[in-house]
Amino acid sequence: MRTKKWATLLLVCTLVLTALSGCSGGSGKSSEENGDTANSGAKADKVTLKLAMWDSNNDFITFLTDKVKEYSSVNPNVKVEVESFKSDSDYLQAIKVRAGGDALPDLIELKPNWLADFKEQLTPLDDLGVVSKNIYAKNYAVDGKILAIPSVSFPELVYYHPSVFKELNLEVPTTWPQFMDVLKKIQENGKYIPYAMGGKDAWPDYPFNEFLPHIISDKESYLSDLAKEDAPFGEGTPFYQGYSQIAEMYNANVMGPDPLGIGADQANDLFISKQAAVMASGLWFVPTYESKAGTLDDLAAFPMPYRQTEDTPLKLMMFTDHFYGISSSSKHQEEAKAFMEWFYSPEVYKEYLNGAQLDTAFEGVDSDVPFLKTFYADNQPEKFMYIPGDAAYTELSNAIQLDVKALGQEMMAGKTVDEITKDLNAKWTEARKNK
Amino acid sequence: MNYNLQKKFVIFGFLAIPVGLLMLFLLYPTVKLFQFSLTDWNGISKTFNYVGFKNYIAAFQTDGVWDALRNNLLYFIMHLVFIPLEISIAVLLNNKIRASRFFRSMVFMPYILNGVAVAYIFSYLYNPINGPFNALLDLIGLEGLIQNWLSDPGVVNYSLVAVSLWRFSGFHVILFLAGLQSVPQDLYEAATIDGAGAFQKFRFITVPGISRVIEIVLFLNVRGALQVFDIPFLMTQGGPGTASTTFTVYTIQSAFKYNNYGLASSLAVILMLMIIVFTQLQGKLFGGKEDN
């Protein structure tokens, strides 16, 4: 018995010693690493910058991976390596985990609505020369600081097949009632699915559930303003009005037999193969369409006609995306900034823009996207910038787990606007109280 | 150093490594998890505040958590209902039926398949457009039964439970089969001499003989039902809306989608406690039976 006790004591001691030596070993190593870095700076050794990004288009990932390698010819001491992800959600999850461990790559790509979350992890870029030429960067400053540079802007469009419109004798709609009318006429004809909705994936309903209340409110600061109200979702609010419009569409049976049963890819394929007549998406859809259909001959677009009557101006939702920032934990701040200056220099940026097939975010550099040029030749809508909610909005919407795209799914499954808004108002009020 | 001390030193030396690893990878994260569950950490920020048991209270007061648990309950009940059927199949396979070896491996096959592959296969089978399942129903004249398998909030959970049953029942059958093979044949022979029928043999010899295995399967069922994640996450992402969200999906979304690591950690702790409590209860239930 005594031996057993003694044995236990010894075991515990060994464990404690092992654990302690493990801990001290870890911290010792990190200080060594820090020492190494300090030395390397002095000796101007070769530096490798890691750049993390996502893109659904493989060709673009290949293009960017090759493009950043060219930087080594400008600055032989710096090598830039791309780490790519296929979807933004996988990417976000990965960088959140790394942010938690303080191990972010040197350069990170971001969406505008992630900037507030990552404000502690990003180095302010106000002193970068290229920032002054960026058209949108200031709009997305967090606490007055520019934390990331938007690389592209693009309009959110409604795509259609002109051949179908011609066959069914339809006019391009410019108001919401006209839009509904067009969809219903396609439905009555029966040959095509009027609207291709990949509702199974939730996100494809964003042109409606995310953008409609925002654009109806006519305030770019709409989302941040929500955080200042106790009940911003009830009757009489832009949210309620917008969601009523959306319900009108979702309940009109114009999205095929089971919009919630098919995903975004399948919905895209339905549209590309001309089984569906209309679908809404950003300009980024055009390269996908072209690669699958082989030609853009039977593709045209119009601004989503959110407005009720022609008396109000027709607005076009503009999105800025593919922001790049420098991680504040990066040990190569200066090298990263120098790379950004090169990356956004007119010659390099022009190639980036052509690779992305999107619209410019910089003065003096125009994009060469023929589809976009045709669109702007036919349509001159007033532009409306999507500005994400501020930190207060993000905090509240996270607290009530607000996902407007999932709400869209619930609406497609039959939930009414009254049920949704009542529930949201109650949760929002409660969350504001607990803040 | 005498021999005894030397011996102990070697033993402790060897033990230190696995126990140390266990502490590092199991105990330390668990302690950390508990620590985070008492904070408002958003998973990204470098700082956090301690908020006491606020997250635990919030977890119990959130409808979404209860809705998710209700979905978990459905997995548990359906798997429970299937246990007698699984035992019956095991009994059948235990008899000398033709090609029983082949059937045994067939039954086990779904369990070996990768969960992600299973989710994708069934997403395809349930597809509303050109989906094989609906096409089959159409072919055999049962088009009236065609449903929006993954998009109707009233149906989606049953569709997902069916996938779970397909995947795990085979494993349970094999466990029962192993249990059955350990029941001595002479008991059956004695029962036959005493004039017992097939059902009586099943009820009084087979079931008590495999009670240990039943207990294991029940434990796996409780644990599996509470932790079910891959099937709903991959097939519906918890949707439409939140209709097929399970407890683990809810936890993951709280952490990664809504940046609420504090709440997610508290949910993970609650999950751990639930599994411990249910397993203990079950152990009591079976332990009590054995005493009788």
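This is a predicted model: local features need pLDDT of at least 70, side-chain atom pairs count only at pLDDT 80 or more; totals for chains, interfaces and linings use all residues.
Residues are numbered from 1 along each chain as its sequence is written, chains are lettered from A in the order in which they are written, and side-chain values use heavy atoms, with hydrogens and water left out.

Start with the contact between the chains. Chain A brings 38 residues to it, and chain B brings 36. Contact means heavy atoms within 4.5 Å. One salt bridge crosses this interface. K257(B) and D403(A) form a salt bridge through their side chains, at 2.5 Å from N to O. The rule for a salt bridge asks for a side-chain nitrogen of Lys or Arg within 4 Å of a carboxyl oxygen of Asp or Glu. Polar contacts between chain A and chain B come to 14 residue pairs, both residues at pLDDT 80 or more. A polar contact is a pair of N or O atoms within 3.5 Å; within protein, one must be able to donate a hydrogen and the other to accept it, and residues adjacent in sequence count only if both atoms are side-chain atoms.

Which elements of chain A supply at least two residues each to the side that touches chain B? They are α1 (2–43), α4 (88–100), α11, α16 (391–399) and α17 (404–412). Helix α1(A) gives the most, with eight residues. Helices (H or I, at least four residues) and strands (E, at least two) are DSSP runs, numbered from the N terminus. By residue class, the side of chain A that touches chain B has 15 nonpolar, 14 polar and nine charged residues. In this scheme Ala, Val, Leu, Ile, Met, Phe, Trp, Tyr, Cys and Pro are nonpolar, Asp, Glu, Lys and Arg are charged, and the others, Gly among them, are polar.

Now look inside chain A. Domain 1 covers 45–153 + 321–373, and domain 2 covers 155–319 + 374–433. These bounds come from an automatic or database domain assignment. The two domain centres, taken over C-alpha atoms, are 28 Å apart. Domain 1 puts 19 residues into the contact, and domain 2 puts in 23. The area buried between the domains of chain A is about 1,800 Å², with 68% from carbon and sulfur atoms. On the domain 1 side, Y140(A), F371(A) and L372(A) supply 36% of the buried area, more than any other three residues.

What holds for polar pairing between the domains of chain A? The salt bridge count is zero, and 10 residue pairs are in polar contact, both at pLDDT 80 or more. Strand β4 (149–160) and helix α15 (370–378) are the elements giving two or more residues to the domain 1 side. Helix α15(A) gives the most, with four residues. That side divides into nine nonpolar, five polar and five charged residues.

Over all chains there are 29 salt bridges. One of them joins D143(A) and K119(A), at 3.5 Å from N to O. Both residues sit in the loop between β3 (107–110) and β4 of chain A, 24 residues apart.

Rings of Phe, Tyr and Trp (its six-membered ring) pair if their centres lie within 6.5 Å; planes under 30 degrees apart are stacked, over 60 edge-to-face, and the rest tilted. F271(A) and Y289(A) make a tilted pair, 6.0 Å centre to centre with 55° between the planes. F271(A) lies in helix α11 (residues 264–272) and Y289(A) in helix α12 (residues 285–293) of chain A, so the pair ties together parts 18 residues apart in sequence.

Conventions:
Buried area is the accessible area (1.4 Å probe) that two parts lose on being put together, summed over both.
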